Amino acid sequence: MRRLPSLLALLLLSLRGLASPYTPQADEEVLEQLPRRLAAVPRQGLALPQALGLAQAALQRARQEGDPRELGRAQALLAPWWHLPAPPPAVRLLRASLLQTQHQFDAALQDLDALLASAATPLALRAQAELTRAALLQLRGRWPEARSACTRLAGLSYAALGAAVEVHGRVCLAELDSLQGRNESAAAALAQLARYPQAPTAWTLLLRAELAERRGLAEAEALYRQALQAEPSIYTRAALADWLLARRRWAEAAALVLAHQSNQAELMRLPDALLLRLAIAWRAGGDARASEAAAQLQERFEATALRGDGSAHARERARYALDVRPDAGAALQQAIANWALQREPADAWLLWRAAQLPAAPKPLAAQARQAFEQFRRESGMQDARWSAAS
Amino acid sequence: MKRALMLWLLLLCAGAAQAHKASDAYLILEADATGLSERVDIALRDLDRELQLDADDNGQLSWGELRARAGEIDQLARQGLDMTLTDADGGRCVPQTLAPLQIETRSDGRYAVLQRRWQCRAPAQDLTLSYRLFAASDPTHRGVLSLRGPAGAAQTLVLAPDGHATPLRLGAAHSLLSVLRDGVHHIWIGLDHILFLLALLLPAVLVREENHWRPATRLRPVLLDVLGVVSAFTLAHSITLALAAFEILSPPSRWVESLIAASVLLAALNNLWPLLLHGRWRLTFAFGLVHGFGFASALRELGLRREALAGPLLMFNLGVELGQLAVVAGFMGLVWGLRRRPGYPRWVLGGGSLLIALLALVWLLERSLDLDLLSPR
């Protein structure tokens, strides 16, 4: 009963802006920029290898373009196997990646664990499952388990697959080192690994850039730019934008974000992560369109909440409440909720920032500070963004 | 396989970036006295994927390209959203022809707006929906349904494209009479409002003289006192009820509920240790303002439309007053009869007020600290 007013408010918000369907004036008026057209998902299911190939490509596009419809398409392609308790290993691996991307971490982990536990999983798939699992565990802050996985990858278990797997395992170990405060040795290891032909170029560059930023080194920017060039992903673009924002280079940050799409006038095609950076850059830089970007972002959060997966946005919502529409209570709430899901340096930074807010509600701020301090003690992480200040 | 491995490894850091709005369609159904208006908003990107609307294949969808295919779009929507609607007499409602296609701009792109009316002979009542839009091409797609019954009661549902039939009852129209009954009902089940009134009425049949209670001898001053108290309460809560109903003022409900509990506590304590004997209507007026905000939350739960609020607001308030009047009349009759009993001041006034005070204290603690001391309220 008491929750009803807030539900009603949400509903009213969702109905807001509905009063205005319109009829375009001319036939030539362009209404929508469309993504590359893909072959329709066939009504009669595809054979497994084709379905897998198309679904992998869809997942890859989702990552580059930020459109979750691609994830739905991948799932549709895998429909004949999707609901099986134990689908063929290749499907199961892809299902785990899709679930992870949709923030269904536990379900993803279940699939990965099952793949590693089964003797029927081919070695190459096992290696992929191991690496995906390591990344997931690292994201969740379960570092000892992630370390075992990376150690296995770098060791003899996968030697038959060649040097690439070993290099990935060592990159993964170096990243874990870097998270646990062994900054110098990790940076040296990553720089050395980057010279291997088998090294995953974009990933290694991104890790080096992030580490350089945590060490407070200016070389981070060049590394971010190289990483973005090697692989134009939204994640990397957003990370570089954050670097620029932290240096108050508002105009450059906005331009970088807008370079993601050809039609720079339309905000609605920007992925959330980029629209968020744009809203911050415009607000701080005093751009007239700042409130428009903020309103669109708010609307997307509300639409997502209406759909029932609001928690997937906790990281963005926390940042929004910190930098776009300052709201200490919301920032803390979201940063704490996000911390329960994700524990990467960016999440720790948000938690720390929210806890510093002068107007923060006391019990929440204390909770955030305690969680942060515990993490800092246990992890040993060093980050120039907060190490100096606290 | 190794090539695939290399490709995949790049996906590792994707998890963090992938928070974005997935494909949604919006269904807005509003029932009224003679039928229902249906509005379906579908993203143009989704429609193009399904129907290849971009005829010249230049990556841009123009209004002309879209308009030319309105019929197919409607067909797709009707296949994806299976609706049966019957009215209060069990008659089938009939869908009318599609209104001209329109466009809506939302935060994640433009949407085609399909609108049509369903004609019924009586108020629309039972709706069965089964949703399977884009089931084959995007199982993560959802339909976000907002539904308003004839009285304006709103609900929101998220529909997965699984084709399951969802039966929904639109509910009979809130007639003004039913809103009146709701008002009466609300005051009768609202123990805190009743106890506030009772605490004020308990001493009304007595007169305080030299620190002692004596039974009142004449009915007229008693009735005048009661009239003053009840009128002050009524006037005060009517003011805030209206302010809150029209969303001019909406204080946080935790404060309101806590203050209501505090008002009951103070009224009861004033009987045990009388501080304010004359002009109790002033205290009543002040606290009546708070109770009005409490009534407003009950009115809000009826989900009335703001533009049609005046009539129901009046009837709801009238219901509250009638319910209150019944309580006051019954109670005054009872205590007027009991006032000469020797035990009245101590046991009825004192004991009753003490019980009320204790209960109010528990409420106050519960509501202000968000605890749960008694059974769920």
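User: How many helices and strands does chain A have in this predicted model?

Analyst: Chain A contains 21 helices and one strand.

User: What percentage of the residues of chain A count as buried?

Analyst: Of its 390 residues, 47% are classed as buried. As for contacts in chain A between residues at least 6 apart in sequence, 51% connect residues at least 24 apart.

User: How should I read a nonpolar core, and which residues have the most contacts inside the largest one?

Analyst: In soluble globular proteins, nonpolar side chains tend to be buried together. Here, the largest nonpolar core comprises 114 residues. Those with the most contacts inside it are A:Ala55, A:Leu278, A:Ala279, A:Ala335, A:Leu351 and A:Ala354. A second, separate core has 49 residues, including B:Ile187, B:Leu200, B:Met315 and B:Val320.

User: Which residues does A:Ala279 touch, not counting residues up to four places away in sequence?

Analyst: With those neighbours set aside, A:Ala279 touches A:Ala290, A:Ala293, A:Ala294, A:Leu297 and A:Val324.

User: Turning to chain B, why does B:Ala357 count as buried?

Analyst: The test is a count of C-beta atoms within 10 Å, with 20 or more required for a buried residue. B:Ala357 has 21 C-beta neighbours inside 10 Å, and therefore counts as buried. This residue belongs to helix H12 of chain B, which spans residues 344-369.

User: Which residues are in contact with B:Ala357, leaving aside its neighbours within four places in sequence?

Analyst: The contacts of B:Ala357 on that basis are B:Leu265, B:Ala268, B:Leu269 and B:Leu272.

Definitions and conventions
Residues are numbered from 1 along each chain as its sequence is written. Chains are lettered from A and ligands numbered from 1 in the order in which they are written. This is a predicted model: local features need pLDDT of at least 70, side-chain atom pairs count only at pLDDT 80 or more; totals for chains, interfaces and linings use all residues. A nonpolar core is a set of buried Ala, Val, Leu, Ile, Met, Phe, Trp, Tyr and Cys residues joined through C-beta atoms within 7 Å. A residue is buried if 20 or more other C-beta atoms lie within 10 Å of its own, exposed if 12 or fewer, and partly exposed in between; C-beta atoms are placed from the backbone. Two residues are in contact if their C-beta atoms, placed from the backbone, lie within 7 Å. Helices (H or I, at least four residues) and strands (E, at least two) are DSSP runs, numbered from the N terminus.
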